[in-house]
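Biologist: Please take me through this entry one question at a time. Terms first, then the details.

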Amino acid sequence: MEIVIMLGAPGSGKGTLAVELAKETGIRHLSSGDLLRAAVKEGTPAGVKAKAYMESGNLVPDELIAEMIEDVVRADANTQTLLLDGFPRNVPQAEILAGMMARAGVTLRCALLLDVPDEVVVRRISGRRVCPACGAGFNVDLLPPKQEGICDACGAELIIRKDDKPETVRHRLEVYAEQTFPLIEYYRGTDKLVTVDGSGDDLAWKTQTALEKIRG
Ligand code: AMP
């Protein structure tokens, strides 16, 4: 197995790009946020612990998310390429991941940064909608549903995620700047960083460019 790490601010569109890359190539997409939201919904012990951190826009404890990711990496040992979206989120998690990969004999293909200016990030997050029933994600600008406010996949009414409310978004951006942004230098230092300009709305272009960079 080899791993591609997706890096980018909340609202950079990295989740949307990851889903698109997975669709185009069959690469397995693993979103730490989706994994945690599923655990919260199911009420697992990890989910119960994670809930308050997530609702306030803070990171859940490193060991909690690292264990969940390691379980998936172990269970998916036969997967050729795993696209990690949302993990690692800080330098300690990057170090945990490096140890995990060494133990599992997994290599890092690259860390793909979707680079987006702050003002675009704020606009993108305020346009974000999710389906509470099936988890599908939409964006009123970037990826609008066919019928306003309704999920294309299952017909349920779309909602704004609790942690996409303006006060929480501000806090998540601070958490990103303090904890996640340093990962860019961390992966540049390992010579594994590749960058895609994420400021435009053309998802097909971003997908194609990301694929070229991943394939090197
Ligand atoms: P996301 O969908 O990636 O924006 O994640 C939503 C929330 O889940 C974050 O605001 C954090 O509370 C939590 N979360 C997701 N991934 C991680 C991670 N790698 N480390 C800690 N918390 C995380």
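Modeller: Contact means heavy atoms within 4.5 Å. The model is predicted, with local features needing pLDDT of at least 70 and side-chain atom pairs counting only at pLDDT 80 or more, while totals for chains, interfaces and linings use all residues. Residues are numbered from 1 along each chain as its sequence is written, and side-chain values use heavy atoms, with hydrogens and water left out.

Biologist: Which residues touch Asn-139, not counting residues up to four places away in sequence?

Modeller: Asn-139 sits in strand β6, residues 137-139; helices (H or I, at least four residues) and strands (E, at least two) are DSSP runs numbered from the N terminus. With residues up to four places away in sequence left out, its contacts are Arg-124, Gly-127, Arg-128 and Pro-144.

Biologist: Is Asn-139 buried or exposed?

Modeller: Buried means under 20% relative accessible area, exposed over 50%, and partly exposed in between, using a 1.4 Å probe and protein chains only. Asn-139 has a relative accessibility of 7%, so the class is buried.

Biologist: How far is a polar side-chain atom of Asn-139 from the backbone oxygen of Arg-124?

Modeller: A polar contact is a pair of N or O atoms within 3.5 Å; within protein, one must be able to donate a hydrogen and the other to accept it, and residues adjacent in sequence count only if both atoms are side-chain atoms. For the Asn-139 side chain and the Arg-124 backbone oxygen, the distance is 2.9 Å.

Biologist: Why does Arg-124 count as buried?

Modeller: Arg-124 is part of helix α6, residues 118-126. Beyond four places in sequence, its contacts include Gly-11, Val-116, Asn-139, Leu-142 and Asp-201. Arg-124 counts as buried because its relative accessibility is 3%.

Biologist: Which residues come nearest to the ligand?

Modeller: A residue is near a molecule or strand if one of its heavy atoms lies within 4 Å of it. The shell divides into 6 nonpolar, 5 polar and 5 charged residues; Ala, Val, Leu, Ile, Met, Phe, Trp, Tyr, Cys and Pro count as nonpolar, Asp, Glu, Lys and Arg as charged, and the others, Gly among them, as polar. Helix α2 (residues 32-42) gives the most to this shell, with 4 residues. Of the 16 residues around the ligand, the nearest are Ser-32, Arg-37, Asn-58, Gly-86 and Gln-93.

Biologist: How much of the ligand's area does the protein bury?

Modeller: Ligand oxygen atoms lie 3.0 Å from a polar side-chain atom of Arg-37, 2.5 Å from a polar backbone atom of Asn-58 and 3.1 Å from a polar side-chain atom of Arg-172. Accessible areas come from the Shrake-Rupley method with a 1.4 Å probe; for residues, only the protein chains shown count as cover. Of the 480 Å² that the ligand exposes when taken alone, the protein buries 95%.

Biologist: What is the C-alpha separation of Leu-211 and Val-196?

Modeller: Leu-211 is in helix α9, residues 203-215, and is buried because its relative accessible area is 4%. Apart from residues up to four places away in sequence, Leu-211 touches Leu-21, Glu-24 and Thr-25. Val-196 is 15 residues away along the chain, and the C-alpha separation is 10.0 Å.

Biologist: Which peptide bond is cis?

Modeller: Most residues other than glycine have a negative phi, and most peptide bonds are trans. Pro-88 lies in the loop between β3 (81-85) and α5 (91-104). The cis bond, with omega near 0°, runs from Phe-87 to Pro-88.

Biologist: What is the phi of Asp-191?

Modeller: Asp-191 lies in the loop between α8 (182-189) and β7 (193-197), and is exposed, with a relative accessible area of 72%. Asp-191 is not a glycine, yet its phi is positive, at about 70°.
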